[in-house]
Amino acid sequence: MCEKSTKKPRRFGRIKPSGPPALRMAIPAGLVVATAIGIVLQSAPIFPHNTMNAWLRALLIGACVAPASIALVWAVVVDRSTVPGTIPNPEHSVESTWYDQAAKDSFHLLLAGTGLGAALTSFWLPPMVSWTLIAVFVFAALVFVGSYLIRREP
Amino acid sequence: MRNRLPQLRRERHLSQERLAAMLGVSRQTIISIEKGRFDPSLPLAFQIAGAFDLRIEDIFTPDAPL
């Protein structure tokens, strides 16, 4: 059962049932992560002809990745039981089965689509298209093999 | 898998919402189980049996022997 929160419920939950709101930690930590990503990426040779000031470039990259980094930190720090509307056992709910089924279907379609696509595009389109599809196919297949082997371990 | 969940729920005057809250699952899960579209996991089946103070086989019966 869901643990009762001793404090007023927050839309985005809390770090623990009686702890501070999760966003209070997620926003500053996410901004720090975004700043670090901005500084690292601005020096990467992604845009070799870019004449923009380095700090401005870092600021722009950081601003673009900030929402995602804040969301990522929030997902890590939030206590799920403190988010309004959540259920204690989602893994036993039917929605979890729907998710698993959808993921399985997507994976099989991805394999079929990229495999067939790679074969067909090799006739008419530039080789880069076919190689890209092959790379996606191989990556998905390797992830599958890795995941299967990890679960097979006793 | 067939089940007696709707009948048991009615006997105990439990709404789908209330039973879902007792089991910690979504109301859609109860609806799907009752309609026979979703077979609950073993832990959930034990929880359901526990909620009605019955055994799993008193609530769920297989459609056909495996």
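A residue counts as buried when its relative accessible area is under 20%, as exposed when that value is over 50%, and as partly exposed in between, using a 1.4 Å probe and protein chains only. Keep these words in mind on the tour, which goes through a predicted model, where local features need pLDDT of at least 70 and side-chain atom pairs count only at pLDDT 80 or more, while totals for chains, interfaces and linings use all residues. Residues are numbered from 1 along each chain as its sequence is written, chains are lettered from A and ligands numbered from 1 in the order in which they are written, and side-chain values use heavy atoms, with hydrogens and water left out.

**Stop 1: a charged pair in chain B**

Side chains of opposite charge can pair when their charged atoms come close. Glu34(B) and Arg9(B) form a salt bridge (a side-chain nitrogen of Lys or Arg within 4 Å of a carboxyl oxygen of Asp or Glu), and their closest N and O atoms are 2.5 Å apart. This pair links distant parts of the chain, since Glu34(B) sits in helix α3 of chain B and Arg9(B) in helix α1 of chain B, 25 residues apart. Helices here are DSSP runs of H or I with at least four residues, strands are runs of E with at least two, and both are numbered from the N terminus.

**Stop 2: other salt bridges of chain B**

Now select Asp63(B) and Arg2(B), which form a salt bridge whose closest N and O atoms are 3.6 Å apart. Here too the pair links distant parts of the chain, with Asp63(B) in the segment after β2 (60-61) and Arg2(B) in strand β1 (residues 2-3) of chain B, 61 residues apart. Asp63(B) counts as exposed at 53% relative accessibility, whereas Arg2(B) is partly exposed at 49%.

Next, select Glu11(B) and Arg12(B), which form a salt bridge with closest N and O atoms 3.7 Å apart; Glu11(B) is partly exposed, with a relative accessible area of 47%, and Arg12(B) counts as partly exposed at 36%. Then select Arg55(B), Glu57(B) and Asp58(B), which are linked in a network of salt bridges. Over all chains, the count by this rule comes to five salt bridges.

**Stop 3: helix α2 of chain B**

Select residues 16-23 of chain B, which make up helix α2, and colour Gln16(B), Leu19(B), Ala20(B) and Leu23(B), which are buried. Seen down the axis of α2(B), these buried residues fall within an arc of 100° (taken from the directions from the helix axis to the C-beta atoms), so they line one face of the helix. An α-helix has 3.6 residues a turn, so residues three or four places apart point the same way. The buried residues of α2(B) pack against α1 (5-11), α3 (27-34) and α4 (42-52) of chain B.

Move on to Gly24(B), which follows α2(B) and has a positive phi, near 75°. His13(B), in the loop between α1 and α2 of chain B, has a positive phi near 55° and counts as exposed at 74% relative accessibility. Asp53(B), in the loop between α4 and α5 (56-59) of chain B, has a positive phi of about 60° and counts as exposed at 70% relative accessibility.

**Stop 4: where chain B meets chain A**

Show both chains, and find the 14 residues of chain B that are in contact (heavy atoms within 4.5 Å) with 11 residues of chain A. The two chains bury about 880 Å² between them, 60% of it on carbon and sulfur atoms; this buried area is the accessible area (1.4 Å probe) that two parts lose on being put together, summed over both. On the side of chain B that touches chain A, α2, α3 and α4 of chain B each supply at least two residues. The count between the chains is zero salt bridges.

**Stop 5: chain A**

Finally, select domain 1 (22-82) and domain 2 (90-152) of chain A, whose bounds come from an automatic or database domain assignment. Their C-alpha centres lie 29 Å apart.

Within helix α3 (residues 94-124) of chain A, select Thr121(A), which is buried, with a relative accessible area of 13%. Leaving aside neighbours within four places in sequence, Thr121(A) is in contact with Val129(A), Ser130(A) and Leu133(A).
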